[in-house]
Amino acid sequence: MIKIKAKDVDVFYGKKQALYNISLDIEENQVTALIGPSGCGKSTFLRCLNRMNDVIDICNVKGEILINDFNINDKSCDVVRLREKIGMVFQKPNPFPKTLYENVSYGPTIHGMAQSKQEMDEIVETSLKKAALWEEVKDRLHEPGTGLSGGQQQRLCIARAISVRPEVILMDEPCSALDPIATAQIEELIDELKKEHTIIIVTHSMAQAARVSQNTGFFHLGHLIEHGPTDKIFKNPDNTKTQDYITGRFG
Amino acid sequence: MNKNKEQLLNKRYRAERRFRLYGQSAIFMALLFLTIFIFKIFSTGYTAFQKTWLIVPVNFDAEMMMIDQNPSKEDLQDADYYDIALKSMADLDQNANDDQKNQLKRMVSYFFEKEIKNEILNDPSLIGKTKEVYLTASDDLDQVFKGNYPRDLPEDQRRVSDYQLKIFDQLVAKGKVESKFNISFFTYADSREAELAGIASSFMGSIFSILVCLMIAFPVAVLAAIYLEEFAPKNRFTDFIEVNINNLAAVPSIVFGLLGLGVLLAIFHLPRSTPLVGGITLSLMTLPTIIIAARASLKAVPPSIREAALAMGASRMQTTMHHTVPLSMPGTLSGTIIGLAQALGETAPLILIGMVAFVNTIPGSPMDPAASLPVQIYIWAESAERGFVEKVSACIMVLLGFLIIMNLFAQIIRHKFEKKWS
């Protein structure tokens, strides 16, 4: 089933065009990887999906992005509601400089998702369990989140993102600041999370894309060159540029 | 070839050593000036914290005080102390003629009557008895006792007569002159008499001014900074505002004084010489300083924190109030304190709005006339009397102490409460 449908998306930074005519369908409860060399626009596209580009004054997004058949670029779309449904995990772990508990409970608090302290405790516990962090931190929930290791911080950010039960989780190179062991943990987690969430992951590592994703889109210089099932993209791409990038001839 | 290389290397090392030497001598010069400055102030000022008292026997004669033997409290309040006060001073020399009696009276402050009165109010049983009472010495004798007075000048060039010096020396020989910690320097308001002048009025004036300044400047500046940094679109108009805020910070303070004079006093008719007007004027001056500090500390909050909050579905307002502003507060607060410390040391604008007036009462609210510490320094430095010289330095010491404490506070806030982010 198609969860997100992008139609002819153009993005401009001031006068400079960063994305050209991107049309891409994203399947529900699957992992879609966006790959491509640096500066190709894959992160820009990802940030279109929860309208994070609004933050950048000079950024201008054109085209339609349908999520559950609703155009999020429409004026009637409320970004606060949208971002409740579309969670995001960033490249560098960015926990709030608050306690672990406050980090995870922040989203449910501002969206009024818990009626009592017990409910909130439950949300925090399940979120941390889903992020495979509970066992490591259950005794120090009230210590600062910034005191964790890099991999733990990233899993905390994932717990924070899933605390509001989003339908979609966007991940912007979530492992680029982590060591191989932490990376493996996050990848395992992604596999687990896709049962309940649709996941879109931007990654620099082709091996990672091959390991975790079912679908892959290849971006180059602002164009979506090719997209399709990961197997096909990696084994039998239609486009020579894709072929060259996958085999490491450039990028 | 190799030799050349070695020469070049040596040259580079020499250049580095020279550069270090320049830097070290610059720091040495700075420290030297600072030391001289502080030494000068301390060596002139420390004596102001001591005050000289004459111990004079006073006969509390009921008849001379025009009361009966068992007076009520009111009687004691209204009694006449001038005669017994005068008599106890005159009695220091049994053979004094009228002129000499007059000179004897001038050896103590004009508060002597009040000091004698306080004595008997504390202990009404003294009536009819004689007791030795501590009387504030005149400022000139105070300086004589502290060794700051040029006794060897010819008599007609001194304010202290040979006769007064003779009596004073006799008292010193009898141990009837004592030096004690000068409490009145902190509890009395300003006075034309150096021995009775204190900083209470100007200290309270400074405190009130700073509070008014804080209450106006802080909320306005912080709101302006938050709006400009977090909400305002970045366009030519906001750039223009930013440039002008920076310009405002560079405007000479006397210009703000003129503004206070022309607007607050002339148009709004606020009470002249009051900390209220002083505080408002100072807040205009402090505003840009706080805005700049607040904006800098808002800028220092990593964008990743804002993104994290926004991506969780927080509104811009929530992102700002829950995350950015709390994280920027330590920087904003320490900037505020630095701005207030600047305002505390400001003299020129306060002179223009009339806080330079002679105020011998201690203000109870920002609406009462008052001086401020730096203006007090200015007033005393203008006074001719020798007794004010040490007072100027002492007042500078108090002001500097105040400033050091504030800056220390700013440092502590910055280091203790600033959160570290990964």
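Author: In chain B, the C-alpha centres of domain 1 and domain 2 lie 47 Å apart. Domain 1 covers 53-182 and domain 2 covers 200-417, with bounds that come from an automatic or database domain assignment. This is a predicted model, in which local features need pLDDT of at least 70 and side-chain atom pairs count only at pLDDT 80 or more, while totals for chains, interfaces and linings use all residues. As for labels, residues are numbered from 1 along each chain as its sequence is written, and chains are lettered from A and ligands numbered from 1 in the order in which they are written.

How far does the predictor trust chain B? Its mean pLDDT is 91, and 99% of its residues reach 70 or more (pLDDT is the predictor's confidence in each residue, from 0 to 100). The complex gets an ipTM of 0.91 and a pTM of 0.85 from the predictor.

On to the build of chain B, which has 18 helices and 3 strands (DSSP runs numbered from the N terminus: H or I of at least four residues for helices, E of at least two for strands). Its radius of gyration is 30 Å, well over the 22 Å that the globule rule gives for 422 residues, so chain B is more spread out than a compact globule. The radius is taken over C-alpha atoms, and the rule is 2.2 Å times the number of residues to the power 0.38. Along the principal axes, the C-alpha trace of chain B spans about 95 × 70 × 40 Å. Of the 422 residues, 37% count as buried, that is, with 20 or more other C-beta atoms within 10 Å of their own; 12 or fewer makes a residue exposed, in between is partly exposed, and C-beta atoms are placed from the backbone. If you take contacts in chain B between residues at least 6 apart in sequence, 75% join residues at least 24 apart; a contact here needs C-beta atoms, placed from the backbone, within 7 Å.

K105(B) is partly exposed, with 17 other C-beta atoms within 10 Å. Leaving aside neighbours within four places in sequence, K105(B) is in contact with L86(B) and M89(B). L86(B) is 19 residues away along the chain, and the two C-alpha atoms are separated by 6.5 Å.

Strand 7 of chain A pairs in the parallel sense with strand 6 (residues 86-89) over 4 bridges (pairing takes at least two DSSP bridges), with I86(A) standing opposite V168(A). It also runs parallel to strand 8 (residues 198-202) of chain A, joined by 5 bridges, and there I169(A) stands opposite I199(A).

Elsewhere in chain A, 4 strands form an open antiparallel sheet in the order 2-1-4-5. Strand 2 and strand 5 (70-71) are the edges, each pairing on one side only. Strand 1 (residues 2-13) and strand 4 (residues 59-67) of chain A share 8 antiparallel bridges, and A6(A) has I65(A) as its bridge partner.

Most residues other than glycine have a negative phi. N29(A), though, has a positive phi near 55 degrees, and sits in the loop between strand 2 (16-27) and strand 3 (31-35) of chain A. Strand 9 and strand 10 of chain A form a hairpin with 2 residues between them, and L221(A) in the turn has a positive phi of about 50 degrees. With 14 C-beta neighbours inside 10 Å, L221(A) counts as partly exposed.

Methods: Contact = placed C-beta atoms within 7 Å.
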